[in-house]
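Open the model in your viewer and keep the selection tool at hand. Each stop gives a selection and then what is there.

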Amino acid sequence: MALQALYTERISGQGWEEALAETVVRRKSSDEAVEYARRLATEVASHCGELDRMIEERLENWRFDRVSVVDLTILRIALAELLYCPETPTNVIINEAIEIAHRYSSNDAGRFVNGILDRLAREVRGA
C-alpha cells in the first residue's frame, strides 16, 4: 500500500495520503496494515532528501536519475524501515523489498534492490 501511494504521488502529483485512502478502499486491508503503510509513507515523505542521498551514495555504475520510479520507491520505503522501524527485522525488510521488486519492476530489480539494501543495512544496522 505504501508503494502504491508513494508511486501515485510521484507519477500523478496526487498526495500520498489521498492515494493511500483510495488504495485502502480497494484492498479492504486490516487497520494494522493500513497504519503500518501510513507510517512508512510518512517516514519516506518526511525524510525523502536524506533517503535519496543515502541511496545515491551507494549506487555503483548507475546514475541516480536512471533508477526507475518503482525501484527508487521500493528502496526509499525499505531504507525508511531500516532507519525508523527498529522492531522490524532486517532480513524481513530486505526480503519483502526484493519480493516487491520482482513483482512490480523488472527481472533484474530484485538483484539491484538487494545489492543496495544489503550495503545500507550493514551501515545503518550493522547487519
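**Before you start**

This is a predicted model: local features need pLDDT of at least 70, side-chain atom pairs count only at pLDDT 80 or more, and totals for chains, interfaces and linings use all residues. Numbering starts from 1 along each chain as its sequence is written, and side-chain values use heavy atoms, with hydrogens and water left out.

**Stop 1: the largest pocket**

Select Met1, Ala2, Leu3, Glu96 and Ile100. Of the 22 residues lining the largest pocket, these are the closest to its centre. The pocket holds about 550 Å³ of space. A pocket here is an open set of points on a 1 Å grid over the protein atoms alone, where a 1.4 Å probe fits, with protein on both sides within 12 Å along at least five of seven lines; lining residues have an atom within 4 Å of a point. Volume is the space filled by probe spheres set on the points.

Now colour α1 (2-12), α3 (31-58), α4 (69-84) and α5 (90-104). Each supplies at least two lining residues. Helices are DSSP runs (H or I, at least four residues), numbered from the N terminus. The largest share, eight residues, comes from α5. By class, the lining has 15 nonpolar, two polar and five charged residues. Asp, Glu, Lys and Arg count as charged; Ala, Val, Leu, Ile, Met, Phe, Trp, Tyr, Cys and Pro as nonpolar; the others, Gly among them, as polar.

**Stop 2: the second largest pocket**

Here the space is about 180 Å³. Select Leu59, Glu60, Trp62, Phe112 and Ile116, the closest to the centre among 14 lining residues. Helix α6 (residues 109-125) gives the largest share, five residues. The lining divides into five nonpolar, three polar and six charged residues.

**Stop 3: α5 against α6**

Show both helices. Their axes lie 9 Å apart, at an angle of about 160 degrees. Axes are lines fitted to C-alpha atoms over the stretch in contact, and angles run from 0 to 180 degrees between N-to-C directions. That makes α5 roughly antiparallel to α6 (an angle over 145 degrees). For the contact (heavy atoms within 4.5 Å), select residues including Ile94, Ala97 and Ile98 of α5 and Val113, Leu117 and Ala121 of α6. By class, this contact has nine nonpolar, four polar and two charged residues.

**Stop 4: α3 against α6**

How do these two helices cross, at what angle? The axes of α3 and α6 come within 10 Å and cross at roughly 115 degrees. That makes α3 roughly perpendicular to α6 (65 to 115 degrees). Select Met54, Ile55 and Arg58 of α3 with Ile116, Arg119, Leu120, Glu123 and Val124 of α6; these make the contact.

Technical notes:
Angles under 35 degrees count as roughly parallel, over 145 as roughly antiparallel, 65 to 115 as roughly perpendicular and the rest as oblique.
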